[in-house]
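Hi all, thanks for coming. I'd like to walk you through one model today, so let's get it up on the screen.

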Amino acid sequence: MRTRRTPVRPRLAGYLAGVVVNGVLLALINGQPGWAAVPFLTAGFSAVTGVVDLALVTGLITGYVHLWHDPEWLVTVDGLVTTGAGLVALVRIWQVFPLDFGATPVDWAAAARVVLAVGIAGSVLALIAGLVNLVRTGLRRPAGPAGGSSGE
């Protein structure tokens, strides 16, 4: 069974948007004053910038590649790579927890932990779904005589 892909223009627009967003985030985090200007980020954020940058650069590179070449199998593989990099970043942020919301009536730290937990769980599920999709994509046979059929 062949799945129907999104038309080319919306796919390209999505890839371009991803490239722009990842590039802007990289510039904001690593520029001056960078992440230090965000009031709820602590000095501990410096311990996670490497993995956050890795996740953003991974998305930037794969999005750029897809602007020029986006076969389904490559998009699936790149999805696994970017999701894996994002998962590493989320786990590291969970471990370091470089967030301090101060004393407020709302427990924003608990809310942030919930968001991180949902992101981690979603990433794990996305990796499983991506692996299943990769296997399914790999098992599809191309149409025509080169597809391994017996000349039907």
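Predicted model: local features only at pLDDT ≥ 70, side-chain atom pairs only at ≥ 80, totals over all residues.

Residues are numbered from 1 along each chain as its sequence is written, and side-chain values use heavy atoms, with hydrogens and water left out.

So, helices, meaning DSSP runs of H or I with at least four residues, numbered from the N terminus. Helix 3 (residues 72–96) and helix 4 (residues 108–139) have axes that come within 9 Å and cross at roughly 155°; those axes are lines fitted to C-alpha atoms over the stretch in contact, with angles from 0 to 180 degrees between N-to-C directions. That makes the two helices roughly antiparallel, a label for angles over 145 degrees.

Now the core. Which residues touch the most other members of the largest nonpolar core? Ile29, Phe45 and Val52, out of 16 residues. A nonpolar core here is a set of buried Ala, Val, Leu, Ile, Met, Phe, Trp, Tyr and Cys residues joined through side-chain atoms within 4.5 Å. Helix 1 (8–30), helix 2 (49–68), helix 3 and helix 4 each give two or more residues to this core.

Phe45 touches Ile29, Trp35, Val52 and Pro98, not counting residues up to four places away in sequence; contact means heavy atoms within 4.5 Å.

Last, Ser123, which sits in helix 4. Buried or exposed? Buried, with a relative accessible area of 12%; the cut-off is under 20%, using a 1.4 Å probe and protein chains only. With that sequence exclusion again, Ser123 touches Thr83, Leu87 and Leu90.

Technical notes. Parallel < 35°, antiparallel > 145°, perpendicular 65-115°, else oblique. Buried < 20%, exposed > 50% of the residue type's maximum accessible area, 1.4 Å probe, protein only.
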